[in-house]
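This report looks at how parts of the structure shown here meet one another. Please keep the sequence and the 3D view open while reading.

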2 protein chains.
Amino acid sequence: MSALLEPGRARGQQSQAQIIHDVLMGRLQRGEIGPEDRLVDTSVAAEFGVSRMPARDALMRLSHGGYLEATTRGFVLPRVTHTEILEIFDLRRLVEPRAVSLVAQTIDSGQLAELEETVIAARKAMQSGNSELMFKASERFRNGWIAVIPNHSLRKVIQRYMTPIQVVRMMTFDDRVNHPLIVDGNTNLYTAFARRDAVAAADTILSFIHKGETAYLKAVSAERSQPQQPAKSA
Amino acid sequence: MSALLEPGRARGQQSQAQIIHDVLMGRLQRGEIGPEDRLVDTSVAAEFGVSRMPARDALMRLSHGGYLEATTRGFVLPRVTHTEILEIFDLRRLVEPRAVSLVAQTIDSGQLAELEETVIAARKAMQSGNSELMFKASERFRNGWIAVIPNHSLRKVIQRYMTPIQVVRMMTFDDRVNHPLIVDGNTNLYTAFARRDAVAAADTILSFIHKGETAYLKAVSAERSQPQQPAKSA
DNA sequence: ACTTTAAAATCTGTATACGATACGCCCGCA
DNA sequence: TGCGGGCGTATCGTATACAGATTTTAAAGT
């Protein structure tokens, strides 16, 4: 097919499977793949103009990493259970305070400036009522400080539970009373970073996680009394 | 080739790739694969009597999980760096105290009996001077309590850094003064489990991790002054 | 009209084949 | 004898093909 693109330079940087994996991961992290989307290797392969194998590699890799779930009919977003979300709140309380402490101690001014930008953008988006922009900005803020965690192993642990976090974010974002909590939490965390205050950073994130859990539990009870997306027929 | 084994029941439980993955993972966890072993997909495929694809799937999966490293000349054990090991000691201090606390609160008597068996076996092996048996028993003890961590997400985090732990174990096992530390640490942890004492379990594991780090640092300095395995030519 | 059964479509897993790349080795040359 | 360039081989990445399994669809019988 399009195998004649550039044989000699096929992997300008990486393999096709790697490229597909990264693209799909980006879509997953940006929430561009919904719960009812089904990813099938042949379709993905067709989209990228390659054979099934690289697409299959990427999809299997994502599913083994927990970012997708393999069903008998294609790959879908993993069903995140209530229990798992509670487990991950527990895990976050263990690791994220240390992570932000380390960030506060090691962040440089350039990285700090980037974070400041996202915080300002989130606040402005909230004030102008643009929920989606605020969602993206607060996501960039989180990804930003995670990216500069100096302990690489710790960073990987935190990056691993992005999908459940995404689910929680989407659920809690519907209730606008959570928006100032998020923006203020981000601002406080940024301030602690700017002051290189490791203790304040740890305290802030602990409080932020707690508020997030409260908001999640509230969203769950609200959803149970009035389900917003009746799935299929059930 | 041997495609005629049992076509209708080919996946009695799982795919060939999954079987190969699990077998190799077992070998890795039991330390049966040394630093100079090269795993090549064709060889693995030949050993299991299948084509390259399932073998390749398994190998790539292991490498993406961090259990192997893909080189241009086969898959090898990942070089665990000193920095990474220190990072993981940091991570362990964050998550393992909570993990053993949860275990102490939820373990049932059957699981407790299994753990007791491994503790006794390790002590007897140490007293009779059988290092290898003691190594295996203490490994079974650790795998035992990890397996009963009720928080599934937390369990997966801990299971992820098994390879670096394996490296540390091998390095520190050479020095026999560490053996009683390990056996006593396991015994104390078991005792805390048996008493359902979550606080004691957390304290014990913290102390155990600290001793492990000290022993590791000692082993590193000893190795630097007198390298036991001169790598290649350097 | 409802149930039951059979066929077709769809998707996964595996096999085989081919092209490209990287490394090592050998030979020629200085 | 030492060094550099070309060649061979080992290995990976991808393409294509086929078989098994499962789900869906449709048809037929009650």
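Two residues are in contact if their C-beta atoms, placed from the backbone, lie within 7 Å. The model is predicted.

## A pair of helices in chain A

Helix α5 (residues 109–127) of chain A and helix α9 (residues 178–194) of chain A have axes that come within 10 Å and cross at roughly 160 degrees. Because angles over 145 degrees count as roughly antiparallel, α5(A) is roughly antiparallel to α9(A). Their crossing is left-handed.

Which residues of α5(A) meet α9(A)? On the α5(A) side they are A:Leu112, A:Leu115, A:Glu116, A:Val119, A:Ala122, A:Arg123 and A:Met126. They meet A:His179, A:Pro180, A:Val183, A:Asn186, A:Thr187, A:Tyr190, A:Phe193 and A:Ala194 of α9(A). By class, the residues of this contact are 10 nonpolar, 3 polar and 2 charged.

## Two domains of chain A

Chain A is divided into domain 1 (12–76) and domain 2 (82–225). Taken over C-alpha atoms, the centres of these domains of chain A are separated by 27 Å. Domain 1 of chain A gives 5 residues to the contact, and domain 2 of chain A gives 5 residues. On the domain 1 side there are 2 nonpolar, 3 polar and no charged residues.

## Chain A against chain B

In the contact between the chains, 18 residues of chain A touch 18 residues of chain B. On the chain A side, the elements that give two or more residues are α3 (52–64), α4 (82–106) and α7 (152–160). The most come from α4(A), with 8 residues. The side of chain A that touches chain B has 8 nonpolar, 4 polar and 6 charged residues.

Terms used:
Residues are numbered from 1 along each chain as its sequence is written. Chains are lettered from A and ligands numbered from 1 in the order in which they are written. This is a predicted model: local features need pLDDT of at least 70, side-chain atom pairs count only at pLDDT 80 or more; totals for chains, interfaces and linings use all residues. Axes are lines fitted to C-alpha atoms, for helices over the stretch in contact, and angles run from 0 to 180 degrees between N-to-C directions. Helices (H or I, at least four residues) and strands (E, at least two) are DSSP runs, numbered from the N terminus. Angles under 35 degrees count as roughly parallel, over 145 as roughly antiparallel, 65 to 115 as roughly perpendicular and the rest as oblique. A crossing is left-handed if the near helix is turned anticlockwise from the far one by less than a right angle, and right-handed if clockwise. Ala, Val, Leu, Ile, Met, Phe, Trp, Tyr, Cys and Pro count as nonpolar, Asp, Glu, Lys and Arg as charged, and the others, Gly among them, as polar. Domain bounds come from an automatic or database domain assignment.
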